[in-house]
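Let's look at a structure together and learn how to read it. Take your time with the picture first.

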Amino acid sequence: MSVNKEKYLELLKELGDRAVLVAVSKTKPATDIQELYDLGQRDFGENYVQELVDKAAELPKDIRWHFIGHLQSNKVKYLAPFVHLVHGVDSASLLKEINKQGAKTNRVIDCLLQVHIAQEETKFGFDQQELEQLHVTGLNNIAIRGMMGMASFSNHTEVVRQEFNILKQLFDKYNGKFGERHAFTILSMGMSGDYPVALAEGSTMIRVGSLLFGERNMKH
Ligand SMILES: *Cc1c(COP(=O)(O)O)cnc(C)c1O
């Protein structure tokens, strides 16, 4: 028994229509996803391309698959035909590749810009200077729908709150700046450990894994 259905229903109630819940199912079996699907959940997030592709083939076709991991350019083509939202876009060259694969499959692919807000060096994402230099003119097969960020792994709520607050400010600053087609509606921030803080700071989409599916093994 690993899926916590009670927690799921509780979380949905807590969110109401304030924010969308993306259930992060990385490393978890398709049967776990099916359990939440049967309760009505449709948005699922995965970090690894092959794992996402395999699960999508096996599971119901109306699942909205979110790619939340670090995406390598050479793997975009596997997701392009069906991915619902790419959360972790962290470079202009990746954006170009998503656009190219979107054109090939005749889709406009929704993307979020991942912004580096944590103190840890290891987290991916644009910094503020890179955001300033980003131009997306001519990329007609992508739509930038907002931003995504991960706060520091910290027990200090104040640190986490400040980081989410910075992301919210950047979200407001860049909303509309990339052109009319790129109206921001999604601010993806908050995970199992920090989603209440993220919601308080303006998150519209939270990505929750372990709280719903139980702890993952060490590899991830
Ligand atoms: C794994 C992961 C999550 C979910 O983390 P939990 O702490 O299990 O809720 C959210 N976002 C990203 C980008 C992740 O890699």
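What follows is a short chat about the ligand's surroundings and the salt bridges.

Q: What should I know before I start?
A: This is a predicted model, where local features need pLDDT of at least 70, side-chain atom pairs count only at pLDDT 80 or more, and totals for chains, interfaces and linings use all residues. Residues are numbered from 1 along each chain as its sequence is written, and side-chain values use heavy atoms, leaving out hydrogens and water.

Q: What is 2.7 Å from the side chain of Lys-26?
A: An oxygen atom of the ligand sits at that 2.7 Å from a side-chain N or O atom of Lys-26. Ser-192 also has a side-chain N or O atom 2.6 Å from a ligand oxygen, while a polar side-chain atom of Arg-207 is 2.8 Å from a ligand nitrogen. As for cover, the ligand taken alone exposes 390 Å², and the protein buries 91% of that (areas by the Shrake-Rupley method with a 1.4 Å probe).

Q: How many salt bridges does the structure hold?
A: Side chains of opposite charge can pair when their charged atoms come close. A salt bridge is a side-chain nitrogen of Lys or Arg within 4 Å of a carboxyl oxygen of Asp or Glu. The structure holds 12. One of the pairs is Glu-201 with Arg-161, at 3.2 Å from N to O. This pair links distant parts of the chain, 40 residues apart: Glu-201 is in the loop between helix H8 (195–200) and strand E8 (205–208), and Arg-161 is in helix H7 (residues 157–174). Helices (H or I, at least four residues) and strands (E, at least two) are DSSP runs, numbered from the N terminus.

Q: Is Glu-201 buried or exposed?
A: Buried means under 20% relative accessible area, exposed over 50%, and partly exposed in between (1.4 Å probe, protein chains only). Glu-201 has 13%, so Glu-201 is buried, whereas Arg-161 is partly exposed at 28%.

Q: Where do Lys-168 and Asp-172 lie?
A: Both are in helix H7, four residues apart, about one turn of the helix.

Key
Polar contact = N/O pair within 3.5 Å; in protein donor to acceptor, adjacent residues only side chain to side chain.
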